[in-house]
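Subject: Structure handover

Hi,

My notes on what turned up follow below it.

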Amino acid sequence: MTPMKIPTPPLRSEDGVASIEFALSFVLILILILGISALSMYVWAQQKLSYAAGEGTRALSAWQHAAPSNTLLCNTVASTTQPNVCDSVKNSLGFLQNDTTCTLSYTSCSQIERVSFENWQICTFKVALSYNTQNHTLLHLLNQAHHALSKSSLAVSQLQASSSINIMCLKENSL
């Protein structure tokens, strides 16, 4: 008695095709998901910097309204308020605060036209932030890619944001 053979289906040329298709599509979907999450992190970091710059100008505005009188020169206002403004900025940055530099400067001073304000000027104060992306590899690569795609000849390793506010100060020669 010969053993009975169990019939096996004949091999077809399409066996394993579904596995290969799944593997290829899975890799593409994974790359797409990682790319979207990386891009959203880049946009989030830029928005966080812009928000923090706004917080700095709000802190400067709050200082201006809380001061007993604005009898300070613009350079004195800048040097007096920079620690408070930059502390306010750093508090709103989260994990970005370690590699972010904050500067407060003033420019565009113009005299007030009225006679009663002849010793006063309006100065534009600017809170400028720059985040060094070198220590955050993913943000650094995205920043480099952004500059390559925008055809910028100068690819910097920083995200930047700024915000401005006008403040009334004494003229330098009025003291």
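Does L34 count as buried or exposed? L34 counts as exposed, because its relative accessibility is 52%. The cut-offs: buried is under 20% relative accessible area, exposed is over 50%, and partly exposed lies in between (1.4 Å probe, protein chains only).

Some ground rules. This is a predicted model, where local features need pLDDT of at least 70 and side-chain atom pairs pLDDT 80 or more, while totals for chains, interfaces and linings use all residues. Numbering starts from 1 along each chain as its sequence is written, and side-chain values use heavy atoms, without hydrogens and water.

**Surface patch**

L34 sits in helix α1, residues 17–66. Helices here are DSSP runs (H or I, at least four residues), strands likewise (E, at least two), numbered from the N terminus. L34 belongs to a nonpolar surface patch with F22, F26, V27, L30 and I31. Together they have about 610 Å² of accessible area. Patch members have over 30% relative accessible area and no salt bridge, with nonpolar side chains joined within 5 Å and like charges within 9 Å. A salt bridge means a Lys or Arg side-chain nitrogen within 4 Å of an Asp or Glu carboxyl oxygen. Areas are Shrake-Rupley, 1.4 Å probe.

**Aromatic pairs**

The whole structure holds three aromatic pairs. F22 and F26 make a stacked one, 5.9 Å centre to centre with 25 degrees between the planes. Ring centres must lie within 6.5 Å; under 30 degrees is stacked, over 60 edge-to-face, the rest tilted. F22 and F26 are four residues apart in helix α1, so about one helical turn separates them. F22 is exposed at 56%; F26 is partly exposed at 45%.

W44 and F95 also stack, at 5.5 Å and 15 degrees. W44 is in helix α1 and F95 in the loop between α2 (74–91) and β1 (100–111), so this pair ties together parts 51 residues apart in sequence. W44 is partly exposed at 40%, and F95 is partly exposed at 43%.

**Disulfide**

There is one disulfide, with a cut-off of 2.5 Å between cysteine sulfur atoms. C86 and C102 form it, sulfurs 2.2 Å apart. The link is left-handed, at -80 degrees about the S-S bond. It joins helix α2 (C86) to strand β1 (C102), 16 residues apart. C86 is buried at 10%, and C102 is buried at 13%.

**Helix α2**

T81 is in helix α2 and is buried at 0%. T81 touches L60, W63 and L104 (heavy atoms within 4.5 Å), leaving out residues up to four places away in sequence.

Best wishes

Notes: Rings of Phe, Tyr and Trp (its six-membered ring) pair if their centres lie within 6.5 Å; planes under 30 degrees apart count as stacked, over 60 as edge-to-face and the rest as tilted.
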